[in-house]
Amino acid sequence: MPGDTLAPPRKSPALPPGVAHSRRAALLMLTGLIAAGSPLPYSAAALIPLAWAGFESVLAIRARSAGGAPARSVASSVVGLVLVCLLAAMVLLPYAFYGTVKTLQDCTQGANTAVAAADCNSRYGSLESIVGGFLRFGQRAGG
């Protein structure tokens, strides 16, 4: 029939400058956050997506600044970069005290009772206050 023609395909609207980089950075940061919850020797793998997220955040900041984006969107990219840096520092902190942190982690993972867990915490009490939150997060996420 002459009136039946295919409609032209819809084109998606163009994204503002830097949005694609920001989306990639957010997904990579989420991947790094999930990987950071793994037990100690494997948590270093979180640095790969976090480094990539930092790179994407810098690209987003540059694209948004050059593209004339509102200051609020540039500021959100800067906040994302700061969050990536903080998460990378949290991943690296236990490696500064690796031997002691690994021993504490092994002790608490092997503790079958509350008494045994309390014994681990009493032996490594000062370290618990420094990096205990990271270890508890890793135990919940890692198993």
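How do the directions of α2 and α3 relate to each other, roughly parallel or roughly antiparallel?

What you see is a predicted model, in which local features need pLDDT of at least 70, side-chain atom pairs count only at pLDDT 80 or more, and totals for chains, interfaces and linings use all residues. Residues are numbered from 1 along each chain as its sequence is written, and side-chain values use heavy atoms, with hydrogens and water left out.

The overall picture first. The protein has six helices and zero strands, and along the sequence the pattern reads α-α-α-α-α-α. Helices (H or I, at least four residues) and strands (E, at least two) are DSSP runs, numbered from the N terminus. Of the 143 residues, 30% count as buried. Buried means under 20% relative accessible area, exposed means over 50%, and partly exposed is in between, with a 1.4 Å probe and protein chains only. Among contacts with a separation of 6 or more, 69% are between residues 24 or more positions apart. A contact means heavy atoms within 4.5 Å.

Now the helix pairs. Two packed helices are described by the angle between their axes and the distance between the axes. The axes are lines fitted to C-alpha atoms, for helices over the stretch in contact, and angles run from 0 to 180 degrees between N-to-C directions.

Back to the opening question. The axes of α2 and α3 come within 9 Å and cross at roughly 160°. The two helices are therefore roughly antiparallel to each other. On the scale used here, angles under 35 degrees are roughly parallel, over 145 roughly antiparallel, 65 to 115 roughly perpendicular, and the rest oblique. α2 passes α3 in a left-handed crossing. Left-handed applies if the near helix is turned anticlockwise from the far one by less than a right angle, and right-handed if clockwise. On the α2 side, the residues that meet α3 include L47, L50, S57 and R64; on the α3 side they include S73, S76, G80 and L92. By class, this contact has 14 nonpolar, seven polar and one charged residues. Ala, Val, Leu, Ile, Met, Phe, Trp, Tyr, Cys and Pro count as nonpolar, Asp, Glu, Lys and Arg as charged, and the others, Gly among them, as polar.

Next, helix α1 (residues 19-36) against helix α2 (residues 47-66). Their axes come within 8 Å and cross at roughly 160°, so α1 and α2 are also roughly antiparallel to each other. α1 passes α2 in a left-handed crossing. The contact includes V19, H21, A25 and L28 from α1, and P49, W52, S57 and R64 from α2. The residues of this contact divide into 10 nonpolar, five polar and three charged.

Leaving aside neighbours within four places in sequence, S57 is in contact with A25, S77, G80 and L81.

S76, in helix α3 (residues 71-96), lies 19 residues from S57 in sequence and 9.8 Å away in space, C-alpha to C-alpha. S76 is partly exposed, at 41% relative accessibility. A polar atom of the S76 side chain lies 2.7 Å from the backbone oxygen of S73. V19 lies in helix α1 and counts as buried, at 15% relative accessibility.

The last pair is helix α4 (residues 98-110) and helix α5 (residues 114-123), packed at an angle of about 165° with their axes 8 Å apart. That makes α4 roughly antiparallel to α5. Here L104, C107 and T108 in α4 meet C120, N121 and R123 in α5. The residues of this contact divide into three nonpolar, two polar and one charged.

Where is Q105, buried or exposed? Q105 counts as buried, at 4% relative accessibility, and a polar atom of its side chain lies 3.3 Å from the backbone nitrogen of L40. Y98, also in α4, is partly exposed, with a relative accessible area of 33%. Not counting residues up to four places away in sequence, Y98 touches L40 and P41.

Key: Polar contact = N/O pair within 3.5 Å; in protein donor to acceptor, adjacent residues only side chain to side chain.
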